[in-house]
Structure formats: C-alpha cells, structure tokens
Amino acid sequence: MPCMTMIEAIRDALDVALAQDPEVTVFGQDVGFFGGVFRCTAGLQKKHGETRCFDTPISELGIVGAAIGMASYGLKPVVEIQFADYMYPAYDQIVSEAARLRFRSAGEFTCPMVIRMPTGGGIFGAQTHSQSPEALFTHVAGLKTVVPSNPHDAKGLLLAAIADPDPVIFLEPKRIYNGPFDGHHNRPVTAWRSHPLGEVPEGPYTLPLGQAVIRREGAALTVLAYGTMVHVALAAVQEGGIDAEVIDLRTLLPLDLETITTSVRKTRRCVVLHEATLTSGFGAELAALVQAECFWHLEAPVERVTGWDTPYPHTNEWDYFPGPARVAAACHRVLEVK
Amino acid sequence: MTHTALSLRFAAPDVRPGAAPDFSQFQVPVAGEMPRPAIDATPETLRDLAFGMIRVLDDTGQAVGPWADMPDLTDDMRREGLRHMLKLRAYDARMLLAQRQQKPSFYMQHLGEEAVSCAFQRALRPGDMNFPTYRQAGLLIASGYPVKTMMCQVYGNDGDPVRGRQLPVFYSSKEHGFFSISGNLGTQYIQAVGWAMGSAIAGDDKIAAAWIGDGSTAESDFHAAMVFASTYRAPVVLNIVNNQWAISTFQGLARGGAGSFAARGHGFGIPALRVDGNDYLAVLAVARWATERARANLGPTLIEHVTYRAAGHSTSDDPSAYRPSDEDACWPLGDPVLRLKQHLIARGAWSAERHIQAEAEVMAEIAAAQRKAEAIGTLHSGRRPSPAEMFDDVYAEMPPHLRRQRQQAGF
C-alpha cells in the first residue's frame, strides 16, 4: 500500500472522484493552475481539464454561492476555502442556503456539495490562519461536518463526503497535513510515512460518515477527540501511563453517539478535547450528551480541555494550544475524583 | 491652516408624505429611440443602452422603433401577455384580501410590476431556470403553473408542495423553472450564475435568469455574481428590478442616482440594458435579446427593469408612512396593464368591452382556484402538513438524532 501525506491523500481522493464521476467539479482560490496553496489540488487541472478544476476570484461567498447553484443544476462541486478562518463571507450562503435548500423546497432542489477548509492551529498562524470553527457548522441543521485525523481517513471520508447527497463541511487540520503532530512542538516533526495510517489504499474506497473509531482501548476513562487532538490525546495518555480509551470522532455531525456512550458507560469517566475555544464549542454538546446518556455511570464530572476563550494568539501559541501536558493533567483530575 | 468639519450626506427622497409627488427629475425617454444592436455587440458599443431606456410602446399605444421588430409576435401572444398580467393582478388582489381575513399570515403584491416577470418568462424555454426574488410570481403565472397550488403554498395547507415550511409567496417549482425562494436577499443572484456555469460545464444548452431588486444590489452577493458571471462568461441573464423602493428606503440609498443600476454592468464588461419595465413589449424584446445572447454562448447580460412598486412592500407595510400616498398614480411610466391594453386596442385586436369581460373571467378563474385551495385548508383551519414532516428533508436520510427528536416530540 502506498504511503501518503494527508495532502497527497486528499489530492488522490479528488483525483479518484474526478475520474470516476463526470459531475464532480473542483474549484476555489489558487486551486486550478497552481494546484492550491497547500498543494491539495496539484496536477488536477492538467489531468482533468479546466472545466473540472479551476481558479476562482477571491470571493468566498462567490465560491460557495456558485457551487450551490451548480449543485442544484446537478453537478457535485467540491470547493475549497483557503483557510477556515476565511469562510465567514460565505457563512450566509452555507447556513441560509446550502443547509436549507432541501428542506425549504421539500426535496425539489438539493445541494450535494463539499466545502473543504484547512482548519486548526499549531502552525504560528495566529488569529486568521488557526481557527477551528466547527461549532459554527454543527449548530446548523442540514450540514454534515467531518474532521479527519490521518491520510487513510482523509481519503476515505472525502470520497464519502463527495458521494453524500447532503452538503458536507470537510475540515482539514493543516497542522497534520505533512505528518502527525502530538503537541510536542519542541521535538522533531514526524512524517506520515512512519505512521500506519499514512498507508492509503489505491483507487476508490469510502469510510462511512457518522462513524467514530477507537484509536486506543482503555478502561479508566474515555477521551473524545478529533483532528490534531487525536494525536495529542494518544501522546498524553501514553506518556502519562493513563489507561484511557481514545475515540476519534471523525464526523461531528451526524455524531456516532453509540461508540461514545458504550465507551463512557464502560470507563465511567470522560474528557473532551478540541482546539476551538471553550464556550459554546462542540465540546459543550459532547459533554451534555455524555451527561444525559451516561449520568448513572459517571464517577466524575466531564472535563473539557480546549483552546482558551480568546482569539488565537501568535507569540503565545503554545500557551494557547491544548497540548499533552494539559490533556494529561485533566485526565489525572478526572481519575482522582472518588 | 483652516479645518473643515467633516460631515456625511444622508440620502433621502425628494418628497415625503404630505407633499405632492414629484417625478420632474425622472427623464422619460421617447419610445423607439434606442438602437437595437446585434447580440454579439461588444459592451463598449452599448454604453448608451445602460443610461437611456428601451421603450417600445408610445403614448398612443403604438409599438415603435427597432425593439418593436418581433415579426413572430401574434395578436394572440399579445392578448395572452395581457391575460397573464390580469391574472397576476387578480391573484394579488384575492390574496391581499385573504390576508386581511387572516387566512394566510402574510402576502406580497406585484402591483405595477406585472409586465416584468410575465413578459420575461416568454423569452425562456423549458429547462431554463429562474432564480427569482419574492416578487416575480409572474414567472409562474406565465409558465402555466396552477394558481391553486400557489395559493396552497400561501396558506401552508396540505396541498403546499413545500409542506408549510416556508413563508407565504416563497414558491418552488423545478418543473416550471422557478428556483426555491429564500428570505435572505441577494443569495440567489450568485447561485444563478453557478447554475449557468453548471449548464456550460455540462455542455448543456440551458440558461439561467437571476433576479434582484434595486435595494438588494447593495448586498455583497450582487458583486460576487457580477464578477463570476463576467469572469467565466456564464450563460445567465442578470435582472435588476428597480421599483424605486426597498421597503421604506428609496432607490437612491442603494446609489440608484449614481449612474443607473444597469451601468454597474460596465465595470465588469457585462453588456447592460435599461428597459421600461412597465412596457410589456419592451421587456419581452430585451429578454429575447439577452436570452439569445446567452444561448449563443456570448455570455451574460445585465438588465435594469425600471418600474414602480405601486403597493406596500408587503402586507406588513404601510407605505403612506414614508412616501406620498398618491405617488403611484403619478409614476411617469404608467400602468403596464393599461399600456398593453391600449396597444391592443390601437391594433384593433382588443376593445374596452372585451377587457372588462376578460377581467371578469380572470377573477372568476382565480376565485374558483381559491375555493379549491381553501377546501384543503388555510393557515388556521383545514388540513395542514403533518408535524412529523418537519423532520423530513433536513438531510436526504434522517440521521439518528433527528429520529430521536421526532419520537420524543411524539410525531
């Protein structure tokens, strides 16, 4: 099986989708000739032609609005917003239009499209290249939200998102584009080729949306994470000698509640992780669901380890990013509750 | 060194309630004067068309000038156009009354703007797609969409194709080339461009028509649509309906006085036409020109339809609070129904008696449709969609959390 980075896996997924489905179109800022500022679309225009993969004006609302029209015509646009931090001009089109079109027309018009957005911090991206806006999508009825944590999943989930009949927000943690990152920013960067999930099958395959996966089995507590924080969680519990079960949610909405509740009912303790800010973040939804579904099993309050309720800072990146030390400390606090 | 205290200009209409309507600043160009260029003319050679006004019907009802040249247009087609406008006006009147009787929660009329959507629709072909605002129901009427079904939507009853989910007048019909209406202004303008791009990418021959009001041209979506339509030369007709008013704000607030709305096209290299929106034949001629251009793969056209919103913005609006109550009667471009009627009479193809008879027939037809719609239900009585349907169509397949909520609600 070939080894790929997450960038290569995403490009491969787009290549497969373009080749197998003539309705797929790929476009966005710098996506065409240049191949994307992160190289996720490199070579696609040359291989599949200008009508299948092309550059757009710098207008997020234009990119998404045009894609909605194209999807309602019958194509399957897979568009890119260069950074998730820049999706706000398109937010009206995403929330008021893409998410609601099927409902408001009673299924007469539909919006099968994917919006790819590099997301997350850990790259000294500061305020406008580091945000994690997933809660702004999971709060919107009609959208599906996906966050892969590795190349293998990125390809399978992206192909599933493209095949999905609903609008899918596909958040790509840019910190792990080239290799897994466990939050130890002072250590050398590792590459995907030394990671088992850097092995990506050739050709088409899909991973079901709405299905979480257990990355590490454990008995003492459950850690819920997605994207970059999956790797942070694994490092934190490994180094801390914590017998934690680490769940990679993969899809935030629809959520795999069964995998979560089965685990928490077993371990009786739960820590929720995300890079995004705390207040009204997706962790609040996870904590509320765990509390409601597992109340009689819980031995300790559900803890959340997240970014602080501040804009994402530049210089103080590692004081902001919820790294392995903070995760391990939260796990120990939860375990100490008698 | 002297200092100037800076200040802002706050644009306001020339007259307010209590004063006499004044359209003396409004230039009414002579009918028939504007040239009719070839559809492949370059935008640069068309500049005057964005500042003048294409008019076909003169004060005596004669069709004059190069835009009147529509040899295939029979008297039957002209009478049909009149009937569509009468039908839309009668429909509006009945729904306004029904709203006052609290049968639907809300309604929006087209009074004075009937020619724009009724005439434009006749230049489209089956399969083309309109991306309308809430004030183009003439597109449905002129395409033969059942009035009874429109009423069911307004009432949100069990006959409503969109299952009571949308506000009244937010129709949707793929079959009749009428894209689902959204309450968010301007959003459909760029979507129309995307739909047209889709048609072109697929190598299809269908075109799109985008619709927006004068006020909503201030939305960012308008700008995005112009850029995309121009950049990709998309097969789309970009319509601006300038009815002078955006609820209480006059068109100058959206900078209608800075050039014309049509003139915006020239900043993007998009051919732009300004047309008398109360002149059925002029709207039809311009719509044919723009749709032919799009079908010939020559790209987008911007059309500013100059008209007047004779009624309140909606049933929730009282225009006498912000403009003279008799302003509509002074509108220099007159009434679209009366002007086409005068034209047909001048051609010997119509008469005052036939007009009265036609009005009665149309009203009877609308009243009969209303009885059928109300037999199904109104907002507060009769059959309405099951609440279980609230949970359908959020996604293609109902996800587990919605299934749980539906069961929890007891539906």
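The legends below describe close-up views of a predicted model.

**View 1. The two assigned domains of chain A.** The domain assignment divides chain A into domain 1, covering residues 3-199, and domain 2, covering residues 213-336. Taken over C-alpha atoms, the centres of domain 1 and domain 2 of chain A are 25 Å apart, and their contact draws on 36 residues of domain 1 and 30 residues of domain 2. Between these two domains of chain A an area of about 2,600 Å² is buried, with carbon and sulfur atoms giving 61% of that area.

**View 2. Helix α12 of chain A.** This helix runs over residues 324-336 of chain A and has 13 residues; the distance from its first C-alpha to its last is 18 Å, close to the 18 Å expected at 1.5 Å a residue.

View 3. The residues A:Pro324, A:Val327, A:Ala328, A:Ala330, A:Cys331 and A:Val334 are buried, and they lie on the same side of α12(A) because they cover an arc of only 160° around the axis. An α-helix has 3.6 residues a turn, so residues three or four places apart point the same way. On the other side of α12(A), A:Ala325 and A:Glu336 are exposed.

**View 4. The packing partners of α12(A).** The buried residues of this helix pack against the strands β8 (221-225), β11 (270-277) and β12 (303-307) of chain A, and also against helix α8 (228-239) of chain A.

**View 5. An annotated region of chain B.** For residues 83-378 of chain B, an unreviewed UniProt entry lists "domain: Dehydrogenase E1 component". Over these residues chain B is 41% helix and 10% strand, and the end C-alpha atoms are 27 Å apart.

Definitions and conventions
Residues numbered from 1 in each chain as written. Chains lettered and ligands numbered in written order. Predicted model: local features only at pLDDT ≥ 70, side-chain atom pairs only at ≥ 80, totals over all residues. Heavy atoms only, no water. UniProt positions renumbered as here; feature names shortened; annotations may be inferred. Helix = DSSP H or I, 4+ residues; strand = E, 2+ residues; numbered from the N terminus. Expected span 1.5 Å × (residues − 1). Buried < 20%, exposed > 50% of the residue type's maximum accessible area, 1.4 Å probe, protein only. Arc of directions from axis to C-beta. Contact = heavy atoms within 4.5 Å. Domains from an automatic or database assignment. Buried area = accessible area lost by both parts, 1.4 Å probe.
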